[in-house]
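Please look over the sequence and the structure before reading on.

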Amino acid sequence: MATSTGKTNLLGLTQPEIEQFFDAIGEKRFRAGQVMKWIHHFGVDDFDAMSNLGKALREKLKACAEIRGPEIVSQDISSDGTRKWVVRVASGSCVETVYIPQGGRGTLCVSSQAGCALDCSFCSTGKQGFNSDLTAAEIIGQVWIANKSFGTVPAKIDRAVTNVVMMGMGEPLLNFDNVVAAMRIMMDDLGYGISKRKVTLSTSGVVPMIDKLGEVIDVSLALSLHAPNDELRSQLVPINKKYPLDVLLPACRRYISRLGEKRFLTIEYTLLKDVNDQPEHAAQMIALLADFPCKINLIPFNPFPFSGYERPSNNSIRRFQDLLHKAGHNVTVRTTRGDDIDAACGQLVGQVQDRTRRSERYIAVRQLGSEADVPRDAANRN
């Protein structure tokens, strides 16, 4: 893809695409593998540093190509080791990327859009409105930046990023082609060599795209469920009005069945005090997920200004977890990480040049609600 400079940005090209690029400039296809290793294994963005390429080829590449990731605006490191990058993309908006270390695992939470069009009621990203899809280079560029920040040269040390989750800003399935291209590079041995089991796409439930995803790639799938019945889920996750649970869950089952190898669906469930955290909700969830191969990840709500929601008590969280455990489900409670740098789940906001004006409407309604003490369901309507 040509950039504003008129040059092709090699950072976001998959192996077949970069081979086609070398064909187009009259060079041998094997050069693609050499250049991909320089870019993704060694974090190199200077063609002159590619010592196994001849000078003539390096000069040719400088004239027609570039290796350009998103601009790093800031990097913060939490007291618990979590890192957050704010990067500026071509649209002018800023998005956020979060790295979470845990034992021998390093998970990178990657954004796919500047803002989000879906407007889930408890997510601060959605309240920023929507600006643009990220390019494949801007998506894989977040992995590239994170790896470079650790000085990770695979010939010397293991990479810091072992897992990638498409759970940052945006709905990945609404930026399908660019997200799939970036995930292919993540899993390519010439890219980042991450196992298909360790690359996870999280969706709020874009059913046609779940089926399409199953036709082209076999990454792990996570579903942002957040409610065990249609009435409540439609309030929390508005896309449920278009793709209700009796349509969504069969699509997820179809996707998982394609994978084989005892793969399972990850269920993401944000616990909101007195909203979806009661025993009756647990009972409904047990019935909903009966005989479904899944792992349930409970996420205590991480507050943000004007949200209108609260984090449940630890007792409520444990009670909900215990009820699911007793029904035979594999359930974990996600530990809040990076909250001192606003890097916790649901807190990613970036700086979105909102084309929808949703952010200003949302804040105005919330402020009015706090002044007049209006009911929460009235304040949620945008």
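With which residue does D211 form a salt bridge?

## Salt bridges

D211 forms a salt bridge with R254, and the closest N and O atoms of the two are 2.9 Å apart. The term stands for a side-chain nitrogen of Lys or Arg within 4 Å of a carboxyl oxygen of Asp or Glu, and by this rule the count comes to 13 salt bridges.

Another of them joins the side chains of R29 and D23, with an N to O distance of 2.7 Å. R29 is partly exposed at a relative accessible area of 41%, and D23 likewise counts as partly exposed, at 39%; here buried means under 20% relative accessible area, exposed over 50%, and partly exposed in between, as computed with a 1.4 Å probe on protein chains only.

## Basis and confidence of the model

The model is predicted, so local features need pLDDT of at least 70 and side-chain atom pairs count only at pLDDT 80 or more, whereas totals for chains, interfaces and linings use all residues. Residues are numbered from 1 along each chain as its sequence is written, and side-chain values use heavy atoms, with hydrogens and water left out.

The average pLDDT (the predictor's confidence in each residue, from 0 to 100) is 87 for the protein, and 84% of the residues score at least 70. Over residues 346-352 pLDDT stays under 50, and the model has 39 contacts beyond four places in sequence for this stretch, a contact being heavy atoms within 4.5 Å. Residues 361-382 also stay under 50 in pLDDT, with 30 such contacts in the model. Where pLDDT is low, the predicted coordinates should not be read in detail.

## Nonpolar core

The largest nonpolar core has 103 residues, and those with the most contacts inside it are L10, M183, M186 and L213. Such a core is a set of buried Ala, Val, Leu, Ile, Met, Phe, Trp, Tyr and Cys residues joined through side-chain atoms within 4.5 Å. Leaving aside residues up to four places away in sequence, L213 touches L173, F176, V180, M183, L201, L221 and Y255.

## Aromatic rings and charges

The structure holds 5 aromatic pairs, for which the ring centres of Phe, Tyr and Trp (its six-membered ring) must lie within 6.5 Å, with planes under 30 degrees apart counted as stacked, over 60 as edge-to-face and the rest as tilted. F21 and F22 form an edge-to-face pair, 5.4 Å centre to centre with 80° between the planes, and both F21 and F22 are buried. W38 and F42 form a tilted pair, at 5.6 Å and 45°; W38 is buried at a relative accessible area of 17%, whereas F42 is partly exposed at 36%.

The charged end of K212 sits over the ring of F176, 4.7 Å from its centre, the criterion being NZ of Lys or CZ of Arg within 6 Å of the ring centre and within 35 degrees of the ring normal. K148 lies over the face of W144, at 3.9 Å from the ring centre.

## Cysteines

With a disulfide taken as a pair of cysteine sulfur atoms within 2.5 Å, the count comes to 0 disulfides. C116 is in no disulfide, and the nearest cysteine sulfur, that of C120, is 6.4 Å away. C116 counts as buried at 10% relative accessibility, and C294 is buried with a relative accessible area of 12%.
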